[in-house]
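Dear colleague,

Please find below the structure for your files.

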Amino acid sequence: RGWFYTLHALAVLLFDSVAYKTVVSNGLVLDKNGNKMSKRVGNVIDPFETINKFGPDATRWYLITNASPWDSLKFDTEGIKEVQRKFFGTLYNTYQFFALYANVDGFTFKEKYIPIEERPELDRWILSSLNSLVKVVQESMGDYEPTTAGRAIENFVDAHLSNWYVRLCRRRFWKGEYEFDKICAYQTLYECLETISRLIAPIAPFFADWLYGNLNEVTTRFSEKSVHIQSF
(Lines give C-alpha, C1' and ligand atoms only; values in the text may rest on other atoms or scores of the structure.)
Protein backbone atom coordinates (compact mmCIF):
# COMPACT_ATOMS: atom_id res chain seq x y z
CA ARG A 1 0.00 0.00 0.00
CA GLY A 2 2.87 2.37 0.74
CA TRP A 3 4.33 1.86 -2.71
CA PHE A 4 0.97 2.52 -4.37
CA TYR A 5 0.55 5.72 -2.33
CA THR A 6 4.09 6.86 -3.14
CA LEU A 7 3.46 6.51 -6.87
CA HIS A 8 0.36 8.69 -6.58
CA ALA A 9 2.17 11.28 -4.47
CA LEU A 10 5.04 11.53 -6.96
CA ALA A 11 2.67 11.72 -9.93
CA VAL A 12 0.67 14.56 -8.36
CA LEU A 13 3.80 16.49 -7.40
CA LEU A 14 5.52 16.10 -10.76
CA PHE A 15 2.65 15.91 -13.26
CA ASP A 16 -0.47 17.04 -11.39
CA SER A 17 -2.06 13.67 -12.19
CA VAL A 18 -2.60 10.25 -10.66
CA ALA A 19 -0.07 7.51 -11.40
CA TYR A 20 -2.70 4.97 -12.47
CA LYS A 21 -6.47 4.49 -12.57
CA THR A 22 -6.50 0.81 -11.62
CA VAL A 23 -3.90 -1.54 -10.17
CA VAL A 24 -3.54 -5.25 -9.48
CA SER A 25 -1.37 -6.39 -6.59
CA ASN A 26 0.21 -9.84 -6.74
CA GLY A 27 -0.10 -12.18 -3.79
CA LEU A 28 2.71 -14.32 -2.39
CA VAL A 29 3.94 -17.56 -3.94
CA LEU A 30 4.04 -20.16 -1.17
CA ASP A 31 5.27 -23.73 -1.19
CA LYS A 32 2.77 -26.55 -1.70
CA ASN A 33 2.12 -26.76 2.05
CA GLY A 34 1.26 -23.06 2.30
CA ASN A 35 4.55 -21.99 3.91
CA LYS A 36 6.46 -18.90 2.80
CA MET A 37 9.37 -19.85 0.57
CA SER A 38 12.76 -19.41 2.22
CA LYS A 39 16.30 -20.35 1.25
CA ARG A 40 16.97 -21.09 4.90
CA VAL A 41 14.13 -23.60 5.06
CA GLY A 42 15.05 -25.03 1.66
CA ASN A 43 11.59 -24.86 0.10
CA VAL A 44 12.44 -22.34 -2.65
CA ILE A 45 11.56 -23.21 -6.26
CA ASP A 46 13.97 -21.97 -8.94
CA PRO A 47 11.73 -20.34 -11.58
CA PHE A 48 14.26 -20.79 -14.38
CA GLU A 49 14.60 -24.52 -13.72
CA THR A 50 10.82 -24.82 -13.62
CA ILE A 51 10.37 -22.96 -16.90
CA ASN A 52 13.11 -25.00 -18.59
CA LYS A 53 11.51 -28.23 -17.41
CA PHE A 54 7.82 -27.53 -18.00
CA GLY A 55 7.87 -24.64 -20.47
CA PRO A 56 6.85 -21.01 -19.94
CA ASP A 57 3.28 -21.41 -21.18
CA ALA A 58 2.36 -24.32 -18.91
CA THR A 59 3.99 -22.56 -15.94
CA ARG A 60 2.19 -19.30 -16.66
CA TRP A 61 -1.15 -21.04 -17.26
CA TYR A 62 -0.83 -22.85 -13.94
CA LEU A 63 -0.01 -19.63 -12.08
CA ILE A 64 -2.94 -17.77 -13.64
CA THR A 65 -5.63 -20.46 -13.33
CA ASN A 66 -4.70 -21.92 -9.95
CA ALA A 67 -5.45 -18.76 -7.97
CA SER A 68 -6.39 -15.13 -8.61
CA PRO A 69 -3.27 -12.94 -8.99
CA TRP A 70 -3.93 -11.08 -5.73
CA ASP A 71 -4.35 -14.29 -3.71
CA SER A 72 -1.43 -16.25 -2.29
CA LEU A 73 -0.58 -19.27 -4.42
CA LYS A 74 0.44 -22.68 -3.10
CA PHE A 75 2.96 -23.63 -5.76
CA ASP A 76 3.24 -27.32 -6.66
CA THR A 77 4.97 -28.63 -9.78
CA GLU A 78 2.43 -31.46 -9.89
CA GLY A 79 -0.11 -28.80 -10.79
CA ILE A 80 1.95 -27.77 -13.82
CA LYS A 81 2.09 -31.40 -14.94
CA GLU A 82 -1.70 -31.53 -14.67
CA VAL A 83 -1.99 -28.40 -16.82
CA GLN A 84 0.35 -29.92 -19.41
CA ARG A 85 -1.65 -33.13 -19.56
CA LYS A 86 -5.23 -32.00 -19.19
CA PHE A 87 -5.28 -28.65 -20.97
CA PHE A 88 -2.36 -28.38 -23.39
CA GLY A 89 -2.37 -32.12 -24.09
CA THR A 90 -6.10 -32.10 -24.87
CA LEU A 91 -5.82 -29.00 -27.05
CA TYR A 92 -2.80 -30.44 -28.88
CA ASN A 93 -4.59 -33.74 -29.52
CA THR A 94 -7.66 -31.91 -30.80
CA TYR A 95 -5.51 -29.98 -33.25
CA GLN A 96 -3.73 -33.18 -34.32
CA PHE A 97 -7.10 -34.81 -34.99
CA PHE A 98 -8.12 -31.86 -37.15
CA ALA A 99 -4.78 -31.73 -39.00
CA LEU A 100 -4.76 -35.48 -39.70
CA TYR A 101 -8.08 -35.54 -41.52
CA ALA A 102 -7.71 -32.06 -43.05
CA ASN A 103 -4.51 -33.25 -44.74
CA VAL A 104 -6.20 -36.43 -45.95
CA ASP A 105 -9.16 -34.56 -47.45
CA GLY A 106 -7.19 -31.52 -48.58
CA PHE A 107 -9.20 -29.05 -46.52
CA THR A 108 -7.76 -25.53 -46.89
CA PHE A 109 -10.91 -23.46 -46.25
CA LYS A 110 -11.09 -22.72 -49.98
CA GLU A 111 -14.78 -23.62 -50.08
CA LYS A 112 -17.42 -20.94 -49.67
CA TYR A 113 -18.11 -20.12 -46.02
CA ILE A 114 -21.21 -22.00 -44.91
CA PRO A 115 -23.58 -19.80 -42.86
CA ILE A 116 -23.94 -21.04 -39.31
CA GLU A 117 -27.72 -21.32 -39.55
CA GLU A 118 -27.33 -23.81 -42.42
CA ARG A 119 -24.96 -26.13 -40.54
CA PRO A 120 -26.02 -29.25 -38.60
CA GLU A 121 -27.33 -28.79 -35.07
CA LEU A 122 -24.14 -30.10 -33.45
CA ASP A 123 -22.05 -27.49 -35.27
CA ARG A 124 -24.43 -24.71 -34.27
CA TRP A 125 -24.26 -25.87 -30.64
CA ILE A 126 -20.45 -25.83 -30.36
CA LEU A 127 -20.23 -22.44 -32.12
CA SER A 128 -22.86 -21.04 -29.75
CA SER A 129 -20.84 -22.39 -26.84
CA LEU A 130 -17.69 -20.88 -28.37
CA ASN A 131 -19.26 -17.45 -28.64
CA SER A 132 -20.46 -17.69 -25.04
CA LEU A 133 -16.86 -18.46 -24.09
CA VAL A 134 -15.60 -15.41 -26.01
CA LYS A 135 -18.03 -13.22 -24.09
CA VAL A 136 -16.97 -14.65 -20.72
CA VAL A 137 -13.25 -14.28 -21.50
CA GLN A 138 -13.59 -10.71 -22.76
CA GLU A 139 -15.65 -9.66 -19.72
CA SER A 140 -13.31 -11.44 -17.31
CA MET A 141 -10.18 -9.89 -18.80
CA GLY A 142 -11.83 -6.48 -18.71
CA ASP A 143 -12.62 -7.00 -15.02
CA TYR A 144 -9.03 -8.10 -14.20
CA GLU A 145 -10.16 -11.70 -13.69
CA PRO A 146 -7.70 -13.76 -15.79
CA THR A 147 -8.28 -16.76 -13.53
CA THR A 148 -11.96 -16.87 -14.46
CA ALA A 149 -11.06 -16.50 -18.14
CA GLY A 150 -8.47 -19.29 -18.06
CA ARG A 151 -10.76 -21.71 -16.25
CA ALA A 152 -13.58 -21.01 -18.72
CA ILE A 153 -11.24 -21.80 -21.63
CA GLU A 154 -10.12 -25.01 -19.92
CA ASN A 155 -13.70 -26.13 -19.41
CA PHE A 156 -14.64 -25.43 -23.03
CA VAL A 157 -11.64 -27.29 -24.48
CA ASP A 158 -12.04 -30.33 -22.24
CA ALA A 159 -15.77 -30.70 -21.67
CA HIS A 160 -17.31 -29.19 -24.81
CA LEU A 161 -14.82 -29.36 -27.66
CA SER A 162 -12.90 -32.56 -26.95
CA ASN A 163 -15.27 -34.77 -24.97
CA TRP A 164 -18.44 -33.83 -26.84
CA TYR A 165 -17.97 -32.23 -30.23
CA VAL A 166 -14.92 -34.12 -31.51
CA ARG A 167 -16.07 -37.41 -30.01
CA LEU A 168 -19.52 -37.15 -31.59
CA CYS A 169 -18.13 -35.94 -34.94
CA ARG A 170 -15.44 -38.56 -35.51
CA ARG A 171 -17.42 -40.40 -38.18
CA ARG A 172 -18.11 -37.15 -40.01
CA PHE A 173 -14.37 -36.68 -40.53
CA TRP A 174 -13.23 -40.18 -41.41
CA LYS A 175 -16.26 -41.52 -43.25
CA GLY A 176 -18.18 -40.37 -46.29
CA GLU A 177 -17.44 -38.14 -49.24
CA TYR A 178 -15.93 -34.66 -49.06
CA GLU A 179 -19.30 -32.95 -49.28
CA PHE A 180 -21.52 -30.53 -47.37
CA ASP A 181 -21.65 -32.26 -43.97
CA LYS A 182 -17.91 -32.92 -43.81
CA ILE A 183 -17.04 -29.38 -44.96
CA CYS A 184 -19.32 -28.03 -42.21
CA ALA A 185 -17.44 -30.10 -39.65
CA TYR A 186 -14.04 -28.90 -40.89
CA GLN A 187 -15.05 -25.24 -40.95
CA THR A 188 -16.57 -25.51 -37.48
CA LEU A 189 -13.61 -27.24 -35.83
CA TYR A 190 -11.21 -24.85 -37.56
CA GLU A 191 -13.15 -21.86 -36.22
CA CYS A 192 -13.09 -23.28 -32.70
CA LEU A 193 -9.33 -23.89 -32.73
CA GLU A 194 -8.51 -20.55 -34.37
CA THR A 195 -10.64 -18.64 -31.86
CA ILE A 196 -9.08 -20.52 -28.93
CA SER A 197 -5.61 -19.59 -30.21
CA ARG A 198 -6.62 -15.93 -29.85
CA LEU A 199 -8.22 -16.38 -26.44
CA ILE A 200 -5.22 -18.13 -24.89
CA ALA A 201 -2.64 -15.79 -26.47
CA PRO A 202 -2.32 -13.39 -23.49
CA ILE A 203 -1.58 -16.28 -21.12
CA ALA A 204 0.09 -18.85 -23.38
CA PRO A 205 1.71 -16.76 -26.15
CA PHE A 206 4.04 -19.43 -27.55
CA PHE A 207 1.53 -22.28 -27.83
CA ALA A 208 -1.10 -19.85 -29.16
CA ASP A 209 1.23 -18.69 -31.93
CA TRP A 210 2.20 -22.27 -32.78
CA LEU A 211 -1.46 -23.30 -33.01
CA TYR A 212 -2.49 -20.26 -35.03
CA GLY A 213 0.48 -20.60 -37.38
CA ASN A 214 -0.17 -24.29 -38.04
CA LEU A 215 -3.87 -23.71 -38.65
CA ASN A 216 -3.22 -20.98 -41.19
CA GLU A 217 -0.22 -22.54 -42.88
CA VAL A 218 -2.47 -24.58 -45.15
CA THR A 219 -5.43 -22.20 -45.42
CA THR A 220 -5.99 -18.86 -47.10
CA ARG A 221 -8.50 -17.64 -44.52
CA PHE A 222 -6.19 -15.13 -42.77
CA SER A 223 -3.11 -13.39 -44.15
CA GLU A 224 -1.52 -12.59 -40.76
CA LYS A 225 1.30 -14.94 -39.85
CA SER A 226 1.08 -14.47 -36.08
CA VAL A 227 -1.83 -14.55 -33.68
CA HIS A 228 -0.27 -11.60 -31.87
CA ILE A 229 -1.02 -9.20 -34.72
CA GLN A 230 -4.62 -10.37 -34.94
CA SER A 231 -7.43 -8.60 -33.08
CA PHE A 232 -8.10 -10.21 -29.70
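E194 is buried, at 5% relative accessible area; buried means under 20%, exposed over 50% and partly exposed in between, with a 1.4 Å probe and protein chains only. The model is a predicted one, in which local features need pLDDT of at least 70 and side-chain atom pairs pLDDT 80 or more, while totals for chains, interfaces and linings use all residues. Residues are numbered from 1 along each chain as its sequence is written, and side-chain values use heavy atoms, without hydrogens and water.

E194 forms a salt bridge with R198 (2.9 Å, N to O), the term denoting a side-chain nitrogen of Lys or Arg within 4 Å of a carboxyl oxygen of Asp or Glu. R198 is likewise buried, at 16% relative accessibility.

Another of them joins R172 to D123, with the closest N and O atoms 2.8 Å apart. Because R172 lies in helix 6 (residues 146-174) and D123 in helix 5 (residues 121-142), this pair ties together parts 49 residues apart in sequence. R172 is buried at 13% relative accessibility, and D123 is buried at 0%.

E78 and K81 also pair in a salt bridge, their closest N and O atoms being 3.1 Å apart. E78 is partly exposed at 45% relative accessibility, as is K81 at 36%.

Yours sincerely

Technical notes. Helices (H or I, at least four residues) and strands (E, at least two) are DSSP runs, numbered from the N terminus.
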